[in-house]
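Please read it alongside the sequence and the structure shown here.

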Amino acid sequence: MNDASPDRANTLPVYLDNQASTPVDSRVLEAMLPYFTIDYGNPHSESHVYGHRAMAAIDAARGEIAGLIHADPREIVFTSGATEANNLAIKGAAHFAREHPTASTPKDHIVALKTEHKCVLESCVALEREGFRVTYLDVPESGLVDLEKLKAALTAQTLLVSIMAAHNEIGVIQPLAEIGAICRERSVLFHTDAAQALGKIPLDVEAMQIDLMSMSGHKLYGPKGVGALYVRRRPRVRLSPLIDGGGQERGLRSGTLPTPLCVGFGKACAIAAAEMGGEAARLKGLRERLQKSLAQRIHGLAVNGDLGHRLPGSLNVSIEGTTAADLIEACPSIAISTGSACTSASVEPSYVLRALGLSDDRANASIRLGLGRFTTASDVDYAVDALAAAVARLRAGHATIDGSGNAANMKA
Amino acid sequence: MTRETYLDWNATAPLRPAAASAVAEALALGGNPSSVHRRGRAARRLVENSRAAVAALVGAPAEAVIFTSGGTEANQLALLGSGRQRMLVLAIEHSSVLQAVPDAERIPVDGDGIVDLDALTALLAADRRPALVSVMLANNETGVIQPVGEIAEIAHARGAQFHCDAVQAAGKIPLLIAETGADLMTLSAHKIGGPSGIGALVSSVEVAPLLRGGGQERNRRAGTENLSGVAGFAAAASAANPGEYDLVCGLRDRLEAALPEAIVIADGVLRLPNTSAIAMPGVPAETQIIAFDLDGVMVSAGAACSSGKVGPSHVLAAMRIAPELANSTIRVSLGWSTTEADIAHFIDAWTALYRRTRGRKAA
């Protein structure tokens, strides 16, 4: 059960799991290093130059992040990652509304898609235990939000809508500007988890009327352990902090800012701003090549999620007659996954694909392929060969068990 | 160019070379530790090896270590995640403890900043609800070390849990979590020569998560692990050597002895070997800090976290130090690479400033 060709035998697998994490761009690493060893001061030390230099670097990074989403630097709150940003956005908005009631009707209702990332759903569940109400919207097979259903779900009590910008498993891009317009008209806060979308597609918090946006460093060739939450200033969005203490980040998020990580995240955003267009075109070409080749070589292959509204490097397919677990085991020379890495230790059907209405068999047979900045055409071709061979072996193996052949089984 | 002398180690320490290498290697490694494939598994191994190294810093089992984004988050997790109905915190705790539970009951300290054990006993006896006692091992502004073993005994005798913020003490003095009696202990990497953005809560008791999501850290702290952070933290933890601080302590003591008419806060009690809170009578701390910075000497007026707001120190106020004296107190903190020349630079700058300001007053 090993499809590794000799030249691949001692190397790392071809990495097609760029939604789980991306490698740090060498330009990002280079930008970070001086802040580990030379300008190591605590950025909150206002009394000396080491602190000033660190804070100046953080401010520059804040500007780079803001620039990528057309925000004001003062609207960027650094966090430890997108999970914290999502927790802060959702719990922070809910807690603030409860602590500072303004209207006669309490704002205690939240709307999210059933396909949101675990950290959004878990934050919602935690709020339900505190007495908030949450509507989890169904999505059609395309994975795209049904705007009429969204409108119908909003009430006078609705505080916040949380809809992921681009999906981590299936890659579909939601109609952010339309959602933003609906939310603004109904005076509902619009939060979007843009961990996957940032730097991959244009995002404009003004044009899209986004109030809160979660971002992550390590999904766009920056380091792990840093992310940010965009918090709109006009009209002002108020949150209760999740982490209190020294009052950093305007009181919204206490804790010493990790200068090198912030710098790396900023640099990653600056690179994305400069290179996004070309990179997206290249990745879309590679993805189409991947999809076409797979479809030619493997019958019974179905794409999950809408193809028209999709991140350029993202593909999710189900392969009839196989299971993702078997496929991954049969292809050690490519790094792929069944879905979200966070829960991938458990091999149960993706709740996301089930929410799209796919059968358990199809959900179980789905794999996620994520192409990135460092993926080459030969990586794609190699992956197609590996997957096609593995599918053939698995299907032959199953056939053998069925008593209808033995040659392939011997070879495996 | 003027000579630069960094004496603000309690705000942050420079990265240890071993930690720098570990960080760079981990950044190059990539991979999400939760991914099942080979690259993910390599990242997972790095996280788990790092966990063991951080646990070893305080003699804890690896599974007790919950990685967080730093000391502030670890303190919040300890207090908010404990589920305890009563919170008793020392009056001189770091702001990340005080702000986490603003309505917590405050345990007073004496004039040297040491916990009042009788007051703690009385507070615990006054109310039978399950409590959590949070007392730092060593104070960030004065370096004063608390009798944590006795605190743990008193707390446990009344069914309370004991949380100890050991951010400033770790790596500077010998530290075994069992000897402190702490059920929960906070650690931070960037105070011991690791990178910023990573810390840990070492916990032998259940904690409810503050951040929910993918179920990382055994459901106690969601979010993709900060791979370079944990690797750098582990390298710094392994490199930590309280033995180095014998030399540091000698430098600190010489520094304190060389300053004319200086008042050293709590110099008669057990303190960290590297920390000194020094008052220059009659000269505001802000004036001192600006003057020192112009001379290339970097010190602080207290905690860096308060983000520039130079207000009276709650630590010195709780010790009932007169406001005039508190307002003229600065924090000088040394580290493993502090030299004789650094100390001489500080003494020269201090003495020159003191003569200047006294001369002005006399005129």
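## Overall dimensions of chain B

The radius of gyration of chain B, taken over C-alpha atoms, is 21 Å, which agrees with the value near 21 Å that a compact globule of 363 residues would have; the globule rule is 2.2 Å times the number of residues to the power 0.38. Along the principal axes, the C-alpha atoms of chain B fill a box of roughly 75 × 55 × 35 Å.

This is a predicted model, in which local features need pLDDT of at least 70 and side-chain atom pairs count only at pLDDT 80 or more, while totals for chains, interfaces and linings use all residues. Residues are numbered from 1 along each chain as its sequence is written, and chains are lettered from A and ligands numbered from 1 in the order in which they are written.

## An open sheet in chain B

In chain B, an open sheet of 3 strands has the order E9-E10-E12, with antiparallel pairing (strands are DSSP runs of E, at least two residues, and helices are runs of H or I, at least four, numbered from the N terminus; two strands pair if DSSP finds at least two bridges between them). Strands E9 (263–264) and E12 (329–333) of chain B stand at the edges with a single partner strand each, so one side of each is left without a neighbour in the sheet.

Strand E10 (residues 275–279) of chain B is joined to E12(B) by 5 bridges, and Ile278(B) stands opposite Ile330(B) in E12(B).

Glu261(B), in the loop between helix H10 (245–258) and E9 of chain B, has a positive phi near 60°. Glu261(B) is exposed, with 10 other C-beta atoms within 10 Å, the cut-off for exposed being 12 or fewer and for buried 20 or more, with partly exposed in between and C-beta atoms placed from the backbone.

Ala266(B), in the loop between E9 and E10 of chain B, has a positive phi near 55°, and counts as buried with 24 C-beta neighbours inside 10 Å.
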